[in-house]
Amino acid sequence: MARHLKPLFQRWSSRVFSVELDGAPLYFGIREKLRGATVLPAVFSRLQKEDRCYSLLVCSRDRIRGDRFHWELRDKLLKDLPPGSDVATMSSFLPDEKGSLVKGYFFKSRAENSPLIEGILSDLEHTDPVLVCSYSQSEDGQQWTQSLWSHAEKKQMKFYVVPSEAPKHHPSALNMINSDVFYSLDEACDVLKKCGDIIPETQSVLRMLPSRVDARRKPDFPVIVIEGLDATGKTTLTESLRDSLGATLLRSPPQCLSTWRARFDREPPIIRRAFYAVGNYITAEQICQESAKSPVIVDRFWHSTAAYAIATAVTGPVSNLPHDGSEVYCWPSDLLQPSLVVLLTLDPEERTRRLRNRGLMKTDEEQELDHNKLFRDRVEEAYRRIIGPLCITVDASPSADLVLQQVLLLIRAKCHL
Ligand SMILES: Nc1ncnc2c1ncn2[C@@H]1O[C@H](COP(=O)(O)OP(=O)(O)O)[C@@H](O)[C@H]1O
Ligand SMILES: Nc1ccn([C@@H]2O[C@H](COP(=O)(O)OP(=O)(O)O)[C@@H](O)[C@H]2O)c(=O)n1
């Protein structure tokens, strides 16, 4: 067995497997022996008599290359597999064990496609850090077994698939720290430095980095961050606040990164999130300079980076988010804290109306926000759970002028302006 696969097999039968179907995870476990009759896990009970299934788990030791390979593998599978394979995201993890998550894909196939599938799997197995399992059903269709698929060796131990209890939170929560959310400039830079050879643009991004900024230094003038989903009115409000308060208006990611933003938006979460994290530190340096002269208004900051990252890493309802008070919501200790964060909220119908009036939507993530109510709920809830600077939610549905007046009152009360 290849050396990189060995750690996966330690406590193999204690692992839980999770397959994302219809936007939420379904879980199953594996057992060497069956004690009495067991129910078929939901992932398998919906399959047909002729179906076979496969799972691919990406087990590179290098997390950046592994995540990039996982990201690209989806396109490869969608392109190469026959129609109707229903490629689904999957993962495997040890319950409650941080860092134990391994990501992959699950798909089904008909017997007649076996030669094609075997060809694809055997190529993958020979060239990439991937573990392949195949699933087949008993004659009566009552049981499914999982075994290691290996082109080289056909006699593999079989495990029965059995139902598994859903963990309290989405399994992605186990690997979030420094993969989806970064808690120091060093951690984020480390990722960007390591992908310098695959993404040459990272050199230019790293050149924009600030010299050390003392996060504990108290700004002379108040620093107010405006947060909220797309089209809640951040641009409108931040520009009015700048004019009303004679403030400096900044944004994160900062203007100096705009050339490279689209490039990093195409990368897997670990690289994309590291880019946005670094953007916050560059904006923090600008805040430090400007807040010595005037109040500073910031359009999006760390709340956006963390809330979107957490809400994208998990799927399903808000209850799948890491629990309230979890360390994933903590503000990075080396990042400047604003005096006040204002979170704009808007009912979904009005937000959609404003989006339509404004024209085209930008990122895939923002399109997803429009279609997926659960995603919107998760982003807003993650925003609320972030622990750090004072954060006050403001209903953004009144007219632009009323919202401005209300936020000005808040700033005067909380920041003594
Ligand atoms: N309070 C408001 N009432 C009605 N429309 C608004 C209000 N604030 C902003 N808008 C409009 O909604 C759209 C989105 O606002 P914008 O400031 O661009 O949001 P964001 O920067 O949060 O994406 C724009 O067309 C803007 O003119
Ligand atoms: N400080 C920031 C700002 C944006 N972002 C990301 O950028 C996306 C939204 O940025 P945007 O510029 O399209 O949003 P608006 O400012 O136009 O509303 C989100 O999907 C976040 O993932 C971030 O991670 N950190």
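I start at the ligand: a backbone N or O atom of G233 lies 3.1 Å from an oxygen atom of ligand 1. In T236, a side-chain N or O atom is 2.5 Å from an oxygen atom of ligand 1. In R358, a polar side-chain atom lies 2.8 Å from an oxygen atom of the ligand. On its own, ligand 1 has 560 Å² of accessible area, and the protein covers 76% of that.

Before going on, a word about the model. This is a predicted model. The chain averages a pLDDT of 92, and 95% of the residues score at least 70. The ipTM is 0.95 and the pTM is 0.94.

How many residues surround ligand 1? There are 14, and the closest are A231, K234, T235, T236 and R358. Sorted by class, this shell has 5 nonpolar, 5 polar and 4 charged residues.

Which elements give two or more residues to the shell? They are α7, residues 234–245, and α11, residues 348–358. The largest share comes from α7, with 3 residues.

Now to another part of the chain, R300. This residue sits in the loop between β11, residues 296–299, and helix α10. Is R300 buried or exposed? Its relative accessible area is 14%, and the cut-off for buried is under 20%, so R300 counts as buried.

What does the side chain of R300 contact? One partner is the side chain of S304, in a polar contact of 2.8 Å. Another is the side chain of Y383, where the polar contact is 3.4 Å.

S304 brings us to the helix, as it is one of the buried residues of α10. Helix α10 runs over residues 302–313, which makes 12 residues. From its first C-alpha to its last it reaches 17 Å, close to the 16 Å expected at 1.5 Å a residue.

The helix is mostly covered, with 11 of its 12 residues buried. Besides S304, the buried residues of α10 include W302, H303, T305 and Y308. Also among them are I310 and the alanines A306, A307, A309, A311 and A313.

To recap: the protein covers 76% of the accessible area of ligand 1, R300 is buried, and the side chain of R300 makes a polar contact with that of S304, a buried residue of α10.

Terms used
Residues are numbered from 1 along each chain as its sequence is written. Chains are lettered from A and ligands numbered from 1 in the order in which they are written. This is a predicted model: local features need pLDDT of at least 70, side-chain atom pairs count only at pLDDT 80 or more; totals for chains, interfaces and linings use all residues. Side-chain values use heavy atoms; hydrogens and water are left out. pLDDT is the predictor's confidence in each residue, from 0 to 100. Helices (H or I, at least four residues) and strands (E, at least two) are DSSP runs, numbered from the N terminus. The expected span of a helix is 1.5 Å times one less than its number of residues. Buried means under 20% relative accessible area, exposed over 50%, partly exposed in between (1.4 Å probe, protein chains only). A residue is near a molecule or strand if one of its heavy atoms lies within 4 Å of it. A polar contact is a pair of N or O atoms within 3.5 Å; within protein, one must be able to donate a hydrogen and the other to accept it, and residues adjacent in sequence count only if both atoms are side-chain atoms. Accessible areas come from the Shrake-Rupley method with a 1.4 Å probe; for residues, only the protein chains shown count as cover. Ala, Val, Leu, Ile, Met, Phe, Trp, Tyr, Cys and Pro count as nonpolar, Asp, Glu, Lys and Arg as charged, and the others, Gly among them, as polar.
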